[in-house]
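The entries follow the model below.

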Amino acid sequence: MKQLLVFLITFLLLGSGLLAITHLTHADELDDITKQIGDLTDQLNKSVAATTPLESQMTDMQNQIATIKNEVANIEADIIVKKKQIDDGYADMETKQKLLNATVREFYIQNYSNSSLATLLSAKSADELTLNLAYQQAQANQDKTLITNLALSITDLQQKKIDLENEETRLAAAKTDLDQQSAKLDTVIQGAKAYQSTLSNQIAQLSAKQQQLLAQKLASLNIPLYAYSTQGGCSSDLTNGKDPGFSPRFGLFTYGVPNRVGLNQYGALGRANAGQNSDTILRAYYNFDSYQNSSITINVNDSNGFNSGNIIWSGSLDDYVRRIYEVPDGWPIEALKAQAIAARSYAVAATNNGAMSICANQNCQVFQTNPKGGNWDSAVTQTAGQVMVQGGQVVKAWFSSTHGGYVHSSASIGWDSTSFTKDAQDSSSAINSFSDLNNNAYDKDSPWFYCDWGGRSDYANTAWLKPEELADIVNVILLAKADSGTQNHLAQTDKSNPDGVDTWDSGRVKQELKNRGVTPFNSISSASVNADFGSGVTTTITFNGDAGTQTFSGSDFKNYFNLRAPSNINIVGPLYNVEQR
């Protein structure tokens with residue numbers, strides 16, 4: 001416990017310097033934002049650095065507390081046994097007490113009555129007198145022994161009871177102290193984590209502005225967001241073995257496509273193939289109460305959004321859904337029915353019951369003026385008018401082609417929180433590894449399930465990177481963390497700098513690192529990731545190379561990778577892995 005108190009004092013002394021956070025304001029210029037991010041990151045790193053040396057001590061103390069609690073539990077169990085033994089002893093002592101009383105009375109009679117004279121007079125001979133006296137003496141000795149043993153048993157039982165009561169008192173005090181010390185340790189740990197979480201959240205909020213710089217690069221990928229698309233899959237297809245012409249090489253592969261909220265279209269296909277009906281499929285992706293019927297009119301415009309542009313089509317809700325081209329017509333009917341209900345629900349909610357017009361592309365729903373026909377028409381007919389309702393409101397049933405083994409709530413990807421979306425694994429059994437994900441995800445057959453995105457014509461339109469190119473990205477992160485004021489010089493070198501300043505190439509980045517006392521990487525030899533498979537997020541990524549080993553958070557690496565990687569090469573989601581060939 002003394003060790004715990006020393007740790008608490010140490011942390012509080014450190015905390016007095018850590019908790020002085022300067023009030024933050026949102027600047028309009030990226031340079032100001034970058035500086036603020038750097039300051040926050042620096043505070044976060046200092047907090048982590050301050051608590052990291054104590055983490056092993058905290059773990060030891062937590063293990064020690066757990067051991068003590070186990071010992072306390074054993075003592076409590078032993079006390080229960082002792083209590084029973086004492087209770088049984090007292091119950092048995094009632095019988096022994098009667099025996100003791102009778103023995104004492106008999107002993108008194110035999111030793112203080114005239115029985116000795118009677119023995120003398122009744123003896124027929126000296127030999128008989130000797131035997132009778134010897135017998136009486138033996139009987140007296142036996143009674144003495146019995147009396148002594150019974151008295152000792154009573155005394156021992158009473159002492160055990162006193163000892164047990166003292167033991168219970170001390171145990172209660174020890175448990176109270178243990179609970180207090182354990183609570184103090186929990187408070188310290190939670191305080192450190194909460195402080196670091198606060199800084200991380202502030203950094204994330206500011207980083208949202210930096211994401212605007214990446215929007216054009218992401219948009220240039222033309223990622224297919226709906227299953228009906230025939231657009232190609234991965235840039236560097238592992239199955240077909242696209243060869244960029246160099247080796248070794250690294251690829252950053254993302255699970256799924258952006259907007260992983262609501263219905264997973266390829267997931268619905270996998271579930272239908274597994275025998276699930278449309279209701280089971282929809283409830284896997286949405287929280288809703290029931291189905292209701294809607295018969296509103298839908299107006300379709302020629303813009304990229306709602307209630308703008310020119311109206312190009314108008315008709316009933318079901319006639320509108322008959323013209324939705326989101327999934328292939330050859331899919332199982334239950335998957336088509338689930339998609340029809342989702343499309344109908346989305347249209348009603350997104351247009352505010354038809355008060356607004358809706359666009360005809362994947363920014364809303366993919367629509368064509370000619371009915372799709374076939375099995376799709378049958379799915380629309382079998383679900384005529386049905387929409388999903390929660391709390392009396394039609395749910396805005398977002399969906400996309402491929403989630404990558406997970407379904408995410410709207411809040412978890414940065415949208416407004418909604419009660420009808422959910423976070424869950426989208427698999428036939430639990431996902432605890434990449435192997436589980438690849439084998440068990442319902443959307444594993446999607447051509448966009450596991451892809452690296454972007455590419456360069458010089459390297460067979462693949463997104464593979466050379467070891468020295470990956471080393472450059474690692475160096476950029478190291479430099480940005482060593483000096484946040486350098487970040488506007490760290491954009492990708494094959495495009496114009498978005499801040500209008502000079503972009504530093506790999507040689508300049510290495511030199512700037514050396515100037516700040518940091519050893520740069522010339523080449524990366526291996527890389528690996530850790531992931532939270534419960535939620536589907538890459539947590540850390542680690543690189544080994546000629547400058548040693550460096551580990552970054554999954555989100556930090558993703559952001560800097562997308563800023564620095566050449567051409568339009570991107571990591572497009574929260575869960576990604578690194579491949580080496």
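**Rings and backbone**

I looked first at charges over rings (NZ of Lys or CZ of Arg within 6 Å of the ring centre and within 35 degrees of the ring normal). Arg283 lies over the face of Phe288, 4.0 Å from the ring centre. Lys372 has its charged end over the ring of Trp376, at 5.2 Å from the centre.

I note that this is a predicted model, where local features need pLDDT of at least 70, side-chain atom pairs count only at pLDDT 80 or more, and totals for chains, interfaces and linings use all residues. Residues are numbered from 1 along each chain as its sequence is written, and side-chain values use heavy atoms, with hydrogens and water left out.

Next I looked up aromatic pairs (rings of Phe, Tyr and Trp, the last by its six-membered ring, with centres within 6.5 Å; planes under 30 degrees apart are stacked, over 60 edge-to-face, the rest tilted). The count is 21 aromatic pairs. Phe557 and Tyr576 form a tilted pair, because their ring centres are 6.4 Å apart and their planes at 35°. Both residues are buried (under 20% relative accessible area; exposed is over 50%, partly exposed in between, with a 1.4 Å probe and protein chains only). I also found a cluster linked by ring pairs: Phe253, Tyr255, Phe434, Phe449, Tyr450, Trp464 and Phe533.

Last, I checked the backbone. Most residues other than glycine have a negative phi, and most peptide bonds are trans. Ser247 and Pro248 are joined by a cis peptide bond, with omega about 0°. Asn352 has a positive phi, near 55°. Asn353 also has a positive phi, of about 60°, and is partly exposed at 49% relative accessibility.
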